Amino acid sequence: MGKKSERGARDKNAALEEEARNAAKKAEHGEEEYQCTGFLEQDFAELCTRAGFQEIPKVVIRSHTHGTTAVEEPDPQAEKEGSTTLAQIQSKYAYFRPSIQVELEHEDPKSTREIFIRSWKIEEKMLAVLAKCLPALSHLQALRLWKVGLTDLTFTTLLSILPNCTTLKTLALEGNPLPERSFYKLISEETTLAHLSLRNNDIDDEAAFLIGQALSSLKSSNKTLASINLSCNHITNVGATHIANGLRLNRSLLSLSLANNQIGDEGALKLAEVLGPFALTHMEVVERRRLLLEKECQERGRLPQRHFELKTERPTSHVSNTTIDKLQATKTTKTTNKKKEKELAKREKEEKEKEKSQVSGGAVVLASSGAQAKKEEAKEAKQAKKAAPAAEPKSLRGKGTKSSTKDKRAQVLEVEVVEPTEIVNPLLEQAEHRDGKVFLPGNRVLIYLNLIRNQISENGLKGFLVAVEQQISRVAPGGKGPTGLLRLSLGKNNYPADSKIYARIQELMMVRDPLPKATKAMEEEGAAAAT
């Protein structure tokens, strides 16, 4: 181990020195940093030449026939010239040359959707190139790496690249065993991956424990991963128990494959237990009580705040700024009306005095003109009274208070509607209390479970039969909410060929499975691939 670590350290130092030399050369020649265009073939070739690669892997479009690379056909003219053997060898072994296979979204070369790299070692230097290419691919959805010789160091580098690929949802790391069992880091709360395949990675029970903890624990749970493939590994009953514990409080995983492992009845019963109502452990009960108390305190804390809001709203609702302005306007109109009445009275007195001193003929004319002036002034006073909001104080005394309370109620209702809805923790689901224990309904989000080619006998099948029957009996009316398993694959295990329990499970699942023929074909394909 000491020699290997020393050799790895020397390789790392040599790679760092080479990078430093390349950077110095670029600085001397004044080369600008290359800006990726999203055209993978062009970007990858340019970055590889700048990094000093002697042989650059080709970027080729992946052929859909047998999942192989499209190879060039031998030239018929070359065959005539006698070089048939060389052309045949080249075409035959072109499959094994390092290449990057791509699938495009459409004909645009910038629409790379999936990348396949297989059977050639990716080192730090190549990962540095990919770290610049991949984030520029705006359509990239899947990255599949098969036997690329990942180490714990290069895996850490790859892990740092993934957050920059914002559209990436599917990652397959297959045939890449890691001594430090670091695969669980792909299932953290910060990850954006939806589909993860970890086949043929020598995952053992210790790695399964870390993966189960990443799926869910008392304090955290993954909320983005929808499917995980752990087939063709070394998971036993112990590891299956760890995975089952991870499913207890996880409500995002829809598909789980544990095919071609070493799981027996004990691990199968633990997985089946999680699918139906299960009793909480002591630590889970304590955490549930804490969450319930916290929720109750939050609800209590909201009520006094609303009462305080109502109290602060009362004076403003009785006498708001607008009503004060209206009252002031009515007061000013009243004072102006009184001034006009006083002026009219003064004018009347003056006119009477003038009437007495003037001649009778002139007095008659003045009297008639004074009467007309009085009529006009009376009309003006009536118009002024109509224009003044005299009914406003009444509305404030009586009906105005009722409308203000209605406004307050409407405001309170609006506040209640706007409050955001919180994600329900599985521990806060409606529970049943039996025999002094607390039972949760179970994980009804998982819809596909694959346990083909394990070591499960009829004892393990009984647990799954009970779980399926419980899920069917507890389906909500109208099909609302999670329904539970829709597909359960248990073929090629250690039970008799004429097992009635297995036949009963198949009968129940045939009704629930939306694509029964596809399921059978997948099971046969999986069995063939395993052999």
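The questions and answers below go through a predicted model of one protein, from its overall make-up to a few single residues.

Colleague: How are the residues numbered, and how many helices and strands are there in the protein?
Modeller: Residues are numbered from 1 along each chain as its sequence is written. Because this is a predicted model, local features need pLDDT of at least 70 and side-chain atom pairs count only at pLDDT 80 or more, while totals for chains, interfaces and linings use all residues, and side-chain values use heavy atoms, with hydrogens and water left out. Helices (H or I, at least four residues) and strands (E, at least two) are DSSP runs, numbered from the N terminus. Counted in this way, the protein has 17 helices and 13 strands.

Colleague: What is the mean pLDDT of the protein, and over which residues is the pLDDT below 50 with 19 contacts in the model?
Modeller: The pLDDT is the predictor's confidence in each residue, from 0 to 100, and its mean here is 78, with 64% of the residues reaching 70 or more. Where pLDDT is low, the predicted coordinates should not be read in detail. A contact means heavy atoms within 4.5 Å, and the stretch with pLDDT below 50 that has 19 contacts beyond near neighbours in sequence is residues 65-75.

Colleague: Which residues have the most contacts inside the largest nonpolar core?
Modeller: Buried means under 20% relative accessible area, exposed over 50%, and partly exposed in between (1.4 Å probe, protein chains only), and buried residues make up 35% of the 531 residues in the protein. A nonpolar core is a set of buried Ala, Val, Leu, Ile, Met, Phe, Trp, Tyr and Cys residues joined through side-chain atoms within 4.5 Å. The largest such core has 81 residues, and those with the most contacts inside it are F44, I100, I115, L186, L230, L256 and F464.

Colleague: With which residues is F44 in contact, leaving aside its neighbours within four places in sequence?
Modeller: F44 is among the residues with the most contacts inside the largest nonpolar core. With its neighbours within four places in sequence left aside, F44 is in contact with I56, P57, V59, I100, M126, V129, L130 and C133.

Colleague: Which unit do β3, helix α5 and β4 make?
Modeller: Strand β3 (residues 112-118) is mostly covered, since 5 of its 7 residues are buried. Two strands pair if DSSP finds at least two bridges between them; β3 pairs with strand β2 (residues 99-104) in the antiparallel sense over 4 bridges, whereas 5 bridges join β3 to strand β4 (residues 142-146), and these two run parallel. A crossover is right-handed if, with the strands pointing away from the viewer, the path from the first strand over the helix to the second runs clockwise. Together, β3, helix α5 (residues 124-133) and β4 make a right-handed β-α-β unit.

Colleague: Against which elements do the buried residues of α6 pack?
Modeller: In helix α6 (residues 152-161), the residues D152, T154, F155, L158 and I161 are buried. They cover an arc (that of the directions from the helix axis to the C-beta atoms) of only 165° around the axis, which puts them on the same side of α6. The elements that these buried residues pack against are α5, β4 and β5 (170-174).

Colleague: Against which elements do the buried residues of α9 pack?
Modeller: Helix α9 (residues 265-275) has G267, A268, L271, A272, V274 and L275 as its buried residues. They cover an arc of only 155° around the axis, which puts them on the same side of α9. The elements they pack against are α8 (237-248), β9 (278-279), β12 (448-450) and α15 (458-473).

Colleague: What is the phi of R181, and by what distance are the C-alpha atoms of D204 and R181 separated?
Modeller: R181 is found in the loop between β5 and β6 (195-197), and its phi is positive, about 55°, although R181 is not a glycine. Most residues other than glycine have a negative phi. D204, found in the loop between β6 and α7, is in contact with R181 and H234 when its neighbours within four places in sequence are left aside. Although D204 and R181 are 23 residues apart along the chain, their C-alpha atoms are separated by 8.7 Å.
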